[in-house]
Amino acid sequence: MNMVRYKQNELPALTEERKAELMALAKRPDNEIDYSDIPTLDEGILRRALRSLEKYRAAAALDKKEPITEEEINRLVHEFR
């Protein structure tokens, strides 16, 4: 399957036909959605996501330009485990 990418200011116009398709999809119950082409989340994916979040939060804390205590660092690192 090819990935289609658009920049926000380059989106194609929303036609009446496409609006009708989207409305029909919005009315479908969740149990009719086919998720078979979406890979499942395994432990590795979740672990990497948490690690990235930990790094982001630690960087945000450091951006405060205030001294950070060891206790605060430990809290940031272990908060999402």
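**Surface and salt bridges**

Reply: L11 has a relative accessibility of 53%. The cut-off for exposed is over 50%, so L11 counts as exposed. Note that the model is predicted.

Me: Where does L11 lie relative to α1 (16-27)?

Reply: Helix α1 covers 16-27. L11 is found in the segment before α1.

Me: Which residues form a nonpolar patch with L11 on the surface?

Reply: The patch is nonpolar and has about 340 Å² of accessible area together. L11 is one of its members.

Me: What is the fold made of, helices or strands?

Reply: The protein chain has zero strands. From the N terminus on, its elements run α-α-α. That gives three helices.

Me: How many salt bridges does the count come to?

Reply: Side chains of opposite charge can pair when their charged atoms come close. The cut-off here is a nitrogen within 4 Å of a carboxyl oxygen. By this rule the count comes to three.

Me: Which residue forms a salt bridge with K19?

Reply: The closest N and O atoms are 3.4 Å apart. Both residues lie in helix α1, three residues apart, about one turn of the helix. The partner of K19 is E16.

Me: Is E16 buried or exposed?

Reply: E16 has a relative accessibility of 60%. Exposed means over 50%. E16 therefore counts as exposed.

Me: And K19, exposed or partly exposed?

Reply: K19 has a relative accessibility of 35%.

Me: How far apart are the closest N and O atoms of R18 and E21?

Reply: R18 and E21 both lie in helix α1, three residues apart. R18 is partly exposed at 38%, and E21 is partly exposed at 37%. They form a salt bridge, with the closest N and O atoms at 2.8 Å.

Me: Which residue forms a salt bridge with E32?

Reply: E32 is partly exposed, with a relative accessible area of 43%. The closest N and O atoms are 3.3 Å apart, and the partner is R28.

Me: What share of the 81 residues is buried?

Reply: Buried means under 20% relative accessible area. The protein chain exposes about 8000 Å², and carbon and sulfur atoms supply 55% of that area. Of the 81 residues, the buried share is 6%.

Note on methods. Residues numbered from 1 in each chain as written. Predicted model: local features only at pLDDT ≥ 70, side-chain atom pairs only at ≥ 80, totals over all residues. Heavy atoms only, no water. Patch = residues over 30% accessible without salt bridge, like charges linked within 9 Å, V, L, I, M, F, W, Y side chains within 5 Å. Areas by Shrake-Rupley, 256 points an atom, 1.4 Å probe, with all protein chains shown as cover. Salt bridge = Lys/Arg side-chain N within 4 Å of Asp/Glu carboxyl O. Helix = DSSP H or I, 4+ residues; strand = E, 2+ residues; numbered from the N terminus. Buried < 20%, exposed > 50% of the residue type's maximum accessible area, 1.4 Å probe, protein only.
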